[in-house]
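Student: I have not looked at this structure before. Could we go through it by question and answer?

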Protein chains: 2
Amino acid sequence: MPTISKGRTPVTFINVFTVAPENQDRLIKLLTEVTEQNVRHHAGFISASLHRSVDGRKVTMYAQWAGIEAYESMRRNPGPAPALERALQIATFDPGMYEVAEIFLPDGK
Amino acid sequence: MPTISKGRTPVTFINVFTVAPENQDRLIKLLTEVTEQNVRHHAGFISASLHRSVDGRKVTMYAQWAGIEAYESMRRNPGPAPALERALQIATFDPGMYEVAEIFLPDGK
């Protein structure tokens with residue numbers, strides 16, 4: 001399973017899609033298909049965790065890549081483009097590229 | 001270290017703060033202090049991972065709690081309030097509460 005550790009590598013992408021609740025299931029299906037069939041096979045892919053908001057209004061992909069170049073190479077590849085275009089017909093997209101600054105655990109862990 | 005697994009528990013909070021780049025370090029310091037000194041000691045807290053965007057414009061907290069009630073109990077507690085108020089003087093806050101819909105790993109993992 002994916003793990004989170006402090007530092008600059010892997011590079012973390014937290015991409016928030018905002019969607020009407022009636023389209024949340026469809027957006028999850030689109031992102032699942034493109035990640036399963038295409039994105040996860042690219043060099044440098046480490047993990048992706050697809051999150052469904054309880055209020056129905058967001059879908060957030062938390063993804064880890066070995067480096068920025070690997071992610072950009074995937075984005076330049078034409079494979080995922082049609083699914084992402086369909087996703088953007090029903091959702092807005094707020095991307096973010098991160099390093100992990102700090103990790104916090106409960107007392108005694 | 002934090003791990004991500006599919007399902008409704010733990011409950012995942014992905015809270016995105018948008019900030020001017022010159023205030024990113026200050027926001028990270030505020031959120032680090034309140035999480036280290038207060039939030040992580042609450043019952044039901046599992047983990048928090050604080051993410052710094054490479055472009056300087058976002059800070060995203062990825063947090064796992066045993067349940068919604070535990071998180072809401074922490075938010076009602078007056079301890080974190082002053083730090084969160086100071087954070088909101090320099091940042092906007094877009095909260096989200098999620099379950100993990102799918103996990104994707106590379107081929108062979």
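Student: Which side chain does the side chain of Glu99(A) join in a polar contact, and at what distance?

Tutor: This is a predicted model, in which local features need pLDDT of at least 70, side-chain atom pairs count only at pLDDT 80 or more, and totals for chains, interfaces and linings use all residues. Residues are numbered from 1 along each chain as its sequence is written, chains are lettered from A and ligands numbered from 1 in the order in which they are written, and side-chain values use heavy atoms, with hydrogens and water left out. A polar contact is a pair of N or O atoms within 3.5 Å; within protein, one must be able to donate a hydrogen and the other to accept it, and residues adjacent in sequence count only if both atoms are side-chain atoms. The partner of Glu99(A) is Arg8(A), at 3.2 Å.

Student: Is Glu99(A) buried or exposed?

Tutor: Glu99(A) is in strand S5 (residues 97-104) of chain A; strands (E, at least two residues) and helices (H or I, at least four) are DSSP runs, numbered from the N terminus. Buried means under 20% relative accessible area, exposed over 50%, and partly exposed in between (1.4 Å probe, protein chains only). At 17% relative accessibility, Glu99(A) is buried.

Student: Which residues does Thr32(B) contact, leaving aside neighbours within four places in sequence?

Tutor: Thr32(B) lies in helix H1 (residues 24-37) of chain B and is buried, at 18% relative accessible area. Contact means heavy atoms within 4.5 Å. With those neighbours left aside, the residues are Glu102(A), Phe104(A) and Leu50(B).

Student: Which backbone oxygen lies 2.7 Å from a polar atom of the Thr32(B) side chain?

Tutor: The helix that holds Thr32(B) is H1 of chain B. The backbone oxygen at 2.7 Å is that of Ile28(B).

Student: Within what arc do the buried residues of H2(A) fall?

Tutor: The buried residues of helix H2 (residues 68-76) of chain A are Ala70(A), Tyr71(A) and Met74(A). The arc is that of the directions from the helix axis to the C-beta atoms. Seen down the axis of H2(A), these residues line one face of the helix, because they fall within an arc of 100 degrees.

Student: Which strands do the buried residues of H2(A) pack against?

Tutor: The face turned away from the buried side carries the exposed residues Glu69(A) and Arg76(A). The buried residues of H2(A) pack against strands of chain A, namely S1 (7-19) and S3 (58-65).
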